[in-house]
Amino acid sequence: MNNLSAFDIIGPVMIGPSSSHTAGACRIGNLAKEIVDNKLKDVKIYFHGSFKETYRGHGTDKAIIGGLLGLKTDDSRIKNSFKLAEKEGFSFEFFPVDLDDVHPNTMKLEITDQEDIKTPIVASSIGGGNIIVTELNGTEVKLKGEYYTLITFHNDQPGLIAKISEILQIYNLNIAEMEVLRKEKGRQATAIINLDQKVEKNILQLLRDIPGIQSLKLVKPLV
Amino acid sequence: MEDFDKIEELIEIAEKNNISLAQVVINREIDLTEKSEEEVRDKMRYSLQVMRESIEKGLNEDVKSMSGLTGGDAKKVEKARKEGKSLTGDLFSRILANTLAVSELNAAMGKIVACPTAGSCGILPGSLITIAAENDFSDEEIIDALFVASGIGVVIAKQASVSGAAGGCQAECGSASSMTAAAITYLMGGSNEEVAAAAAIALKNLLGLVCDPVAGLVEVPCIKRNAAGSSNAVTAAEMALAGVKSVIPADEVIVAMKKVGDALPDSLKETSLAGLAATPTACKIKEDLLQNSL
């Protein structure tokens, strides 16, 4: 807590009433929108724990929809996000759920974009508006929206990670944190690579061209 | 970077360099963020603007929370004041009305500045801005006072917590009240020791306050506890400015607050399992809200 800013104490400027249940929900929406990176068509939202019990009173439902529409945590339009979604032809539905051993402020999103590509996401609001995406496309991840993050889905094969880091090194991009996850040896794996710098489009293309990379996304940090 | 972990250190840095408490906090922020003093002050100026807007909206618009439990109390206090029915005087009634206005707006999904949290967001603007307006202070002077409030909050967050889930309401409304008492005392020309005494007295008075929100919402009793936090901040500042000292130094009060928070059972730390949240009326409210939502 030594890098605590004066504006962590007086701030953030936000739409009330709760940093965890309102601002945090909005930021989960912002990050999910970044991850999907396409116009949204439909979303099914499953509220767990404290979200399930208090979502209406905290405006968690309005905040997550506002966040998915790209509204920031201090945008007064959050209160009217349902109407905004309607205007954009974006449908949504809420359900209660009991997920297993997860943070009390957790929600599961089933997002369908305009090309009918589905993206399931599980995310938690962990206090003070900070959030973490813990599951993406069925794979366990840890995404907080603090960095420029590369997310790969690739074949679990030797040398692939080395090739990624080689390209990053050539362009002087520093890896702040990195995690490689897989469900089963030799099958599909996921790498979450947090970078200190932005990655330009041409570099992204070079990374996508590495043999064995099935898909690769760049997620911008949340503001 | 000249950082401080205690209020004592904050004062030491100010006296060693012959600068104000506000300047110590501003300098720390400049070093931390690598921004200019102007940029740092501008950011606080924006917070001040949002605080003022939140008072205006809360007082003048039709404010009703999502649950329907709260809203409209600021208007009642303001109306009584305007009709000359204030029990304790015009200024104090305005402080209460403005504090309630911001807290009610928060519950109604309005735009506020968390200070230190959304649940305690009414205390600092409701008290400080009202007193500053009464005494014709400039925005730059109010911004300085806000940095002092922030500096006290930084110390509390480092040594204890400003989260109700971690420390109970004493950590939210207690911290906000302590920050506010310090800011008012600073604004009114109090010495560094008087600022520290105000912070200490305010926090001492709310020690042990539990976080027991009805139906888990930031409404009951949070909104009225903001009003209590403001009245406590003004009480502490009034005493400190008169030269009343705190027998227990501010830094020791903060550590005591942390220990009291640790000793509180989880049922009284934002879980809504005890206290007011477990009363028959609260249980009925929760049941009704659940039936209407899912």
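This is a predicted model: local features need pLDDT of at least 70, side-chain atom pairs count only at pLDDT 80 or more; totals for chains, interfaces and linings use all residues.
**View 1. The contact between chain A and chain B.**
Chain A contributes 34 residues to the contact, and chain B contributes 48. Together the two chains bury about 3200 Å². Carbon and sulfur atoms account for 64% of that area. On the chain A side, A:F7, A:I9 and A:I10 lose the most area to chain B. These three residues together make up 23% of what that side buries.

**View 2. Polar links across the interface.**
Twelve residue pairs are in polar contact across the interface of chain A and chain B, with both residues at pLDDT 80 or more. One salt bridge is found across this interface. B:K286 forms a salt bridge with A:E53. Their closest N and O atoms lie 3.1 Å apart.

**View 3. Elements on the chain A side.**
Four elements of chain A each give two or more residues to the side that touches chain B: α1 (6-9), β1 (13-15), α2 (19-36) and α3 (49-54). The largest share comes from α1(A), with four residues. By class, this side of chain A has 14 nonpolar, 13 polar and seven charged residues.

**View 4. Strand pairing between the chains.**
β1(A) is joined to strand β1 (residues 111-113) of chain B by three bridges. The two strands run antiparallel. Which residue of β1(B) is the bridge partner of A:I15? The partner is B:K111.

**View 5. B:Q291 in its helix.**
B:Q291 lies in helix α13 of chain B, which covers residues 280-293. Is B:Q291 buried or exposed? Its relative accessibility is 61%, so B:Q291 counts as exposed, the cut-off being over 50%. B:Q291 and B:I112 are 179 residues apart in sequence. In space, their C-alpha atoms are 29 Å apart.

**View 6**
Strand β8(A) spans residues 148-155. Six of its eight residues are buried, so the strand is largely enclosed by the rest of the structure. Buried here means under 20% relative accessible area. β8(A) pairs with strand β10 (residues 188-195) of chain A in the antiparallel sense, over eight bridges. β8(A) also pairs with strand β11 (residues 213-219) of chain A, again antiparallel, over six bridges. A:T149 has a bridge partner in each of these strands: A:N194 in β10(A) and A:V219 in β11(A). In a regular strand, side chains alternate between the two faces of the sheet.

Technical notes. Residues are numbered from 1 along each chain as its sequence is written. Chains are lettered from A and ligands numbered from 1 in the order in which they are written. Side-chain values use heavy atoms; hydrogens and water are left out. Contact means heavy atoms within 4.5 Å. Buried area is the accessible area (1.4 Å probe) that two parts lose on being put together, summed over both. A salt bridge is a side-chain nitrogen of Lys or Arg within 4 Å of a carboxyl oxygen of Asp or Glu. A polar contact is a pair of N or O atoms within 3.5 Å; within protein, one must be able to donate a hydrogen and the other to accept it, and residues adjacent in sequence count only if both atoms are side-chain atoms. Ala, Val, Leu, Ile, Met, Phe, Trp, Tyr, Cys and Pro count as nonpolar, Asp, Glu, Lys and Arg as charged, and the others, Gly among them, as polar. Two strands pair if DSSP finds at least two bridges between them. Buried means under 20% relative accessible area, exposed over 50%, partly exposed in between (1.4 Å probe, protein chains only).
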